[in-house]
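Work through the exercises below with the sequence and the 3D view side by side. Try each task before reading its solution.

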Amino acid sequence: MRDQGHPRFGYFDQPVTTMGLTGLSQLKAGKLPKRFYFAGVLGPEVCLSVGIVHLGYLARGFLKIFDLRTGTQRPVVERGFLIPGALGVRFDDNPDRAHATAAMPGYGAVAMRIEENSLIVEADIRRTKVELELKLGVAPLRVCTRTGLAGWNYTEKCAGLEVKRAKISGEDWGPETVLLSEELTGVTDWTFGMLRLETFWQWACFAGKLEDGRRIAGNLTVGINETGFTDNALWIDGKRELLAATAIEFNPERISEDLWTIRDAQGKLGLTARPLRFSLDETNLGVLKSRFHQGVGEFSGEIKSYGK
């Protein structure tokens, strides 16, 4: 952060160790920052995510598991809990030493922390448990963008991470299942800022391996982090390449059935995504409303990296 409580916009190659909230002009006006910590694992048989959302006046912990095994029609396992007032929630403002915890007695708990260059995730929500260890061995995307006249948003993302450990257990899943780490890829998202009260965005994240064995992953967004800079990026074997603005297009009346198309302003991307599983999460608490579509599927198409 700059002096006088104003942020510095743009990309950051070096670690950002604090959000510099002391003296922040919005805090003086009584506004609270919004925070989001997310970890995901993508694989041919299972895709799952765990996270903590901290809105200042309310917090939520969640996990979601999509079973993609052939012939399996297991419903999406979704678990979550709300914490009024965000009481007892911890969310450090150092993304490179990030530590966040949220718990609601009788409902569950989520803990996320960085230890020895790995992100450790432990979630236990309504008798469903997830344990993850993601090795943070790629170049992060760090960017701060403007939101509205006085708002700002800092996000730090990684994709294409090595998954060192992934376990699932619970009454909706069965006995403890240890996922094969060689087939999995990890993603993370740490976001902190003064966001708009009303927000709409689209997000696509993909990961896999090329024919020559190299890891490939990408993060693409529309509707957020677009003012001056974007959080669109590609990773090949941990090397990050920034991408231009993207368009994610689909039929809103058949969002879970039809193909999605993804392209960028520089002609580097020409992708389609075919949905395999889909979930819809709707929340209406009067002061807080959200409608969240999340799907998993298969990507195909062409990507041009450094002219190749």
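Two strands are said to pair if DSSP finds at least two bridges between them, and the strands themselves are DSSP runs of at least two residues, numbered from the N terminus. The model used here is a predicted one.

**Exercise 1. Follow the chain through strands 7, 8 and 9.**

Task: find how many bridges join strand 7 to strand 8, and how many bridges strand 8 and strand 9 pair over.

Solution. Begin with strand 7 (residues 99-104) and strand 8 (residues 108-115), which run antiparallel and are joined by six bridges. Within this pair, A100 has M112 of strand 8 as its bridge partner. The hairpin of strand 7 and strand 8 has three residues between the strands, and in this hairpin G106 takes a positive phi near 90°.

Next, move on to strand 9 (residues 118-125), which pairs with strand 8 in the antiparallel sense over eight bridges. Here M112 has V121 of strand 9 as its bridge partner, so that M112 can be traced as a bridge partner of A100 and of V121. In the hairpin of strand 8 and strand 9, which has two residues between the strands, E116 takes a positive phi near 50°.

**Exercise 2. Describe the open sheet.**

Task: state in which order the four strands of the open sheet lie, and which strands are its edge strands.

Solution. The four strands lie in the order 15-16-17-18, with antiparallel pairing. The edge strands are strand 15 (202-209) and strand 18 (239-242), each of which pairs on one side only. Neighbouring strands of this sheet are turned by 10° against each other on average, when direction is ignored. Looking at one pair in detail, strand 15 and strand 16 (residues 215-222) are antiparallel over eight bridges, and A204 has L220 of strand 16 as its bridge partner.

Definitions and conventions. Residues numbered from 1 in each chain as written. Predicted model: local features only at pLDDT ≥ 70, side-chain atom pairs only at ≥ 80, totals over all residues. Heavy atoms only, no water. Axes fitted to C-alpha atoms, helices over the stretch in contact; angles between N-to-C directions.
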